[in-house]
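Hello,

Here is the structure you asked about. Please open it first, then read my notes below.

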Amino acid sequence: CILFASSPLASFSKPIGEEDSLYLPLFPFVFFPLYRSCTDLFCCVIFVIVILGYIALGTVAWLQGDPRKVIYPTDSYGQFCGQKGTPNAKKSTLFYFNILKCANPAVLINLQCPTTQMCVSKCPDKFSTYTDVQLQYQITAAPWDYYRQFCKPGFNNPTKPIAQVLRDEDCPSMIVPSRPFLQRCFPDFITQNGTLTVAKRTHFKDALDTARSVTELRDAANGITGLVDAKEVGMKIVEDYAASWNWILIGLVMALVVSLIFILLLRFTAGLLLWFTIIAVILVIAYGIWHCYLEFSLLRQQPGADVTIVDIGFQTDVMVYLQLSQTWLIFLIALGTIEASILIILIFLRRRVRVAIALLREGSKAVGYIMSTLFYPIITFLLLAVCSSYFAVTSVFLASSGDAIYKVMAAESNCMYANKTCNPETFNKTNVSKACPGAQCTFAFYGGETPYHRYLFILQLSNLLIFLWLVNFTIALGQCTLAGAFASYYWARRKPQDIPPCPLFSSFSRAIRYHTGSLAFGALILAVVQMARIILEYLDSKLKGANNVAARFVLCCLKCCFWCLERFVKFMNRNAYIMIAIYGKGFCMSARDAFCLLMRNVVRVAVLDRVTDFLLFLGKVLIAGSVGVIAFFFFTHKMPIFQEEVPTLHYYWVPLLTVIFGSYLIAHGFFSVYAMCVDTLFLCFCEDLERNDGSSEKPFLMSAGLHSILRKTDHH
């Protein structure tokens, strides 16, 4: 970067888009630098060093980590189940010798259950005990041949006393009908007439002939039934996506086309279209209120419809909830509140709505002259996808770093060597077996004693913080790029003749070349605040079961404060990036100038941040809602023309919600460009009012229509 401090032109400034010969004599008071220099260079250097360190962290994690530790379950000997090229290649499921020793699913899935674990090719499908197999072995060997596949490899001694078998954990004391879930064998729970059963039985006996209840299995695997139901629902959802993906894609393309048409109409009929949007949203919500009241009135007269949502609990069939009067009452209250809020805003802020429409009309002209800005969100999306993918892969490799750690698993609770680190190769030569009969050296977890392994948690936090920094930097780069492009439109004296060629690319180049440090500085501040919020959310999740009311209250207050702080920092960063794009100053000076400028125009700020965003939100809702209504009629077979083309679905709301949510995101991508355009034009307008007075020497650069409406509003 070259700073032309000695240049005689360095004292002159101009806004983007003006030619020197025309502008310098007329506007020496608008502080856009003729020559730019690198801003916040120290932060830029730090940012580059951090990126290089992040690459090094990912490289080390990839060298140390092993994703197989996450993908494949591990048996008691540290061997992966189902991994190709190993003895367990055809044994993809983990089997627990005594699942009753497992406290809950978190122990089963994430940690290690204090019982021997073996890789098996399939889960047991019937009840049996070691004692029963011993007795039957005297008659036939078939039961033993089936049972031994769940014993340790190489064990083939059905005559060994049961006490020694249980002590050495050669075989499970019993097996119960199970099915694989998350590559682990869990009891096959089935609810029949409200009673929990396994293979239609509620009781069974273990190897010691002790009566056991199915509820003990349920308690040992608490929550598994819910997870199994969730898996079944998940499979149905996947099937629905497979059957309707092409129609979902058509719906999203339709949303894309509608969004483009909406933006093109804004270019020529901004006022008419926005008022139509407002009236259309009001009418649609009014129809929803009437429909909800009608359904509520009909269901209130039907017996059994007065059951509350809490009473029926979670149901995968949405139609169950639509048969309840309480559901429609909730919809009615929600829509009524939204309708009242919209009407109140329109009544008390009707003049501000006119100003917002004028800003959007001016913004539509800017977008129309610089159409390439509409497609910049694609670049932002790709950069965010790269950051997210790198973060996810690095997290997995960090989580799977380390060597297999083995610990002594004692059969007796008073063993002095219990949970001590051991070596399975030399374990039989130690005195542990003599001191603690039945003790085994089994796999516990992956870890290590090197500095890298000791600071894995710190590395994970660093990975998260740098990820947040990169994400916020990517968003900041997009905001600064768009701001520079739209500022070049505003400060052009003759539109569009004086708009520089390729304004978007030029703005992007300036932001990368000169202002990487400033953008990284603002992104870092926001990343630190977001990191603090994540830590507070983690602490809150840990304290949910605690009875310390004072701690919960303080934590709640901190969460609220940091939420407000994050909103404020986002607002200030956004406006600081606009000032950086216009004037080329550092982050702190730009943030200060933006804050002072906004405070001097605080009434107009309310117009911009509330009413304009509100109108853009209505546009997004209208696009998503219109496409969603068409999708609803299609997937519910209410379109006679497409009756045969509609796929058979388990839950029609799966593709419906996907289309609605995807349509909203598509509309949001286009309208975010409009929002940035309006914010930039607004700051330029405020600066224009302060620097110029409308005289022939200092003429305004805003459009005549925007000036007249804003001036008229100021007088009111």
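Buried residues account for 45% of the 716 residues in the protein chain. Keep in mind that this is a predicted model. The chain has 24 helices and 13 strands. Its accessible surface comes to about 36,600 Å², and 65% of that belongs to carbon and sulfur atoms. Take the contacts between residues at least 6 apart in sequence: 71% of them join residues at least 24 apart.

**Cores**

The largest nonpolar core has 103 residues. Ile 342, Phe 486, Tyr 490, Leu 519 and Leu 615 touch the most other members. Helix α17 (residues 456-490) gives the most to this core, with 19 residues. Another core lies apart from it, with 17 residues, including Val 133, Tyr 147, Cys 151 and Val 165.

Look at Leu 519 next. Leaving aside neighbours within four places in sequence, Leu 519 contacts Phe 473, Ala 476, Leu 477, Cys 480, Ala 511 and Tyr 577. Thr 516 sits in helix α19 (residues 516-542). Thr 516 is buried, because its relative accessible area is 12% and the cut-off is under 20%.

Helix α12 (residues 325-348) has 24 residues. From first C-alpha to last it reaches 35 Å, close to the 34 Å expected at 1.5 Å a residue. Its buried residues are Ser 325, Thr 327, Trp 328, Leu 332, Glu 339, Ile 342 and Leu 346.

Helix α13 (residues 350-369) has 20 residues, so at 1.5 Å a residue it should span 28 Å. Its end C-alpha atoms are 29 Å apart, which agrees. Among the buried residues of α13 are Val 353, Ile 357, Leu 360, Glu 362 and Val 367.

**Phe 634**

Phe 634 is in helix α22 (residues 602-635). At 8% relative accessibility, Phe 634 counts as buried. Not counting residues up to four places away in sequence, Phe 634 touches Trp 247, Met 639, Phe 642, Glu 645, Val 646 and Pro 647. Phe 634 and Val 646 are 12 residues apart in sequence and 7.0 Å apart in space, C-alpha to C-alpha.

**Surface patch**

Which residues form a nonpolar patch on the surface? They are Trp 245, Leu 249, Val 253, Val 257, Ile 261 and Leu 265. Together they have about 570 Å² of accessible area. Trp 245 is in helix α9 (residues 224-300). Trp 245 is exposed, with a relative accessible area of 55%.

**Salt bridges**

The structure holds 10 salt bridges. The side chains of Lys 160 and Asp 170 meet in one of them, at 2.5 Å from N to O. Lys 160 lies in the loop between α6 (142-147) and α7 (162-168), and Asp 170 in the loop between α7 and β4 (174-175), so the pair ties together parts that are 10 residues apart in sequence. Both Lys 160 and Asp 170 are buried.

Asp 593 pairs with Lys 585 in a salt bridge, with the closest N and O atoms 3.3 Å apart. Asp 593 is buried at 18% relative accessible area, whereas Lys 585 is partly exposed at 27%.

Glu 687 forms a salt bridge with Arg 691, the closest N and O atoms being 2.7 Å apart. Both lie in helix α23 (residues 653-691), 4 residues apart, about one turn of the helix. Glu 687 counts as buried at 6% relative accessibility. Arg 691 is partly exposed at 28%. Salt bridges that share partners also join Arg 533, Glu 566 and Lys 570 into one network.

Best wishes

How values were computed
Residues numbered from 1 in each chain as written. Predicted model: local features only at pLDDT ≥ 70, side-chain atom pairs only at ≥ 80, totals over all residues. Heavy atoms only, no water. Patch = residues over 30% accessible without salt bridge, like charges linked within 9 Å, V, L, I, M, F, W, Y side chains within 5 Å. Areas by Shrake-Rupley, 256 points an atom, 1.4 Å probe, with all protein chains shown as cover. Salt bridge = Lys/Arg side-chain N within 4 Å of Asp/Glu carboxyl O. Helix = DSSP H or I, 4+ residues; strand = E, 2+ residues; numbered from the N terminus. Buried < 20%, exposed > 50% of the residue type's maximum accessible area, 1.4 Å probe, protein only. Core = buried A, V, L, I, M, F, W, Y, C linked by side-chain atoms within 4.5 Å. Contact = heavy atoms within 4.5 Å. Expected span 1.5 Å × (residues − 1).
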